Amino acid sequence: MAAASLLTILLLALSITGSPVEVNNSPITLPIARRLSVLNGTINALEQDKARVAAFRLKDYNLKHGGHSIPVANLGTVYYAAVGIGNPATTYYLIVDTGTSNTWVGARTPYVPTSTSVNTGEYVKVTYGAGYFSGTEYTDTFDFGNGLTIAQQWIGVATETSGNFGEADGILGLGPVGLTAGSLTEDVTITVPTVTDNLHSQGTIHREVVSISFEPTTSTQSMVNGELTFGGTVRNKHGPITYTPITTTSPASKYWGIDQSISYGSTTILSSTAGIVDVGTTFIHIATDAFDQYQSLTGGTLDAATGLLLISSTQYGALQNLNFNIGSATFSLTPNGQLWPRILNTYIGGSSNAMYLVVNDLGTPSGKGFDFVNGYPFTERFYCIFDTSRSRVGFAPTSYTDATTN
C-alpha cells in the first residue's frame, strides 16, 4: 500500500473515532494502523524477530561496553500512529514500539522547524539491531489528536539513517526511560525524557498509563485494527485487569519486563522466570529448554521455508492451551491462538493451508534473566496496560481471547 493510502486510513480513523468510555480521568484513544512490509513477495518475519530479540538480550552488554543498541524495528508487521508535530503541525507516521523509548522522525518525511521548535544542541544516535539513526534532539509540540497535546516533547531529528524503516517516518518510543541511556552521550546515567515521562511531568493526570489493544489479524490488507490509549483503558474493551510489578531481574527489568511461568496444558514448560512483553515482536519466543518441551508435546516439526513449527490437522486437534501464569491470574492461548494466521501464510513463504505455530526458540536456555518475549500473538488476545508511574504491567481478557480467527 502506498504511503498516501496509509495516510487516508489513519486520517479517516481519526475523524470517526468518538470519545472513549471515561475511565481513569478520561483516557484518550487513538487508532493505530497495521501495515505488512513485503519484499519480493514474502517477509522473513522470524529472522527479523530473532534479530530484535538478540538486541533485547544484549542491552546490558552494550551499555557496559560503551555502546547503545536497541532492538531493530520489526518490519514484518508494524503499527503506525499519526502524530502532529510543530505549529503548524506536520503529520508523521511513527512505529508504535514498546521495546524502545527514543522518539524520532526524519526517516521519510523531513522535519521542518516551526515556531514551537527548539534545538537543544544535543547530538543523538541510536544503533538498532540492524541500522541506526543519528541527528539532533529538538523539543516541539506533539499533538496526538482528540485533545491530547505535549507542549515540549523531546524528539530526535534524524540527519542520517541506515536500515529499512519501511513507510515509517520514525518511531514512537513507549518503553521505560532507562532505555534512552547512552543515546546522547556515553554517560549511561543521562536519559532522554520520553512521551510517557512528559505526560506525567507536565501534570497530565494518569496520562502516563498507556494501554494497547489489537484485533487479531484476519486480512492481508493494511488496516486500522488497533488502539493506543493514554490515561487508562476503555472499559467496554476488556475484562478484569491483573497487574504485576516490573521484574527486578536484569536485563528484562530494563524493558516492560515481568515474571511468569508457562505451562502447556497441565505440564509446566517454563518455571517462574523473567522476560518481557512487547507489541513490536511478531511471535512468542521462549527459552530453548521450554521450546524443546513445547515442540515435543505438540509434535511440531521445524519447517524449512518459514522456520516455524509445522503441525498437521490431527496434531492441531490434540493441541492444548498454552498458559501464561502471571501473578494470581492465568492467561491462556487457545489452540487457535497458537496458530499463525493462515491468511498470511504465503507472506512468510509458507503454504497457504499449512498450520504454523507462533511459539519459537529464544535461542538461549532459561535462567539468563531474559527467558521469554510475549509478542504480538499474546498482545492481540489480551489487553495490555503499561503503567510508568507505578512500575507495573497489567493484562486483561478481551472479546478476542477465545475467538476463532483461523
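**Exercise 1. Work out the strand order of the open sheet and find its edges.**

Start with the order: seven strands make up an open sheet, running β19-β18-β13-β14-β22-β15-β21, with mixed pairing. Strands here are DSSP runs of E at least two residues long, and helices are runs of H or I of at least four, both numbered from the N terminus. Two strands count as paired if DSSP finds at least two bridges between them. Next, the edges: β19 (329-333) and β21 (359-361) each pair on one side only. Finally, the twist averages 35° from one strand to the next.

A word on the ground rules: this is a predicted model, where local features need pLDDT of at least 70 and side-chain atom pairs count only at pLDDT 80 or more, while totals for chains, interfaces and linings use all residues. Residues are numbered from 1 along each chain as its sequence is written, and side-chain values use heavy atoms, leaving out hydrogens and water.

**Exercise 2. Describe how β15 and β22 pair.**

First, take the ranges: β15 covers residues 284-286 and β22 covers 372-374. They pair in the antiparallel sense, over two bridges. Then zoom in: Ile286 sits opposite Phe372 in β22.

**Exercise 3. Check the confidence.**

pLDDT is the predictor's confidence in each residue, from 0 to 100. The chain's mean is 84, and 84% of its residues reach 70 or more. Over residues 1-25, though, pLDDT is below 50.

Notes
Axes are lines fitted to C-alpha atoms, for helices over the stretch in contact, and angles run from 0 to 180 degrees between N-to-C directions. Contact means heavy atoms within 4.5 Å.
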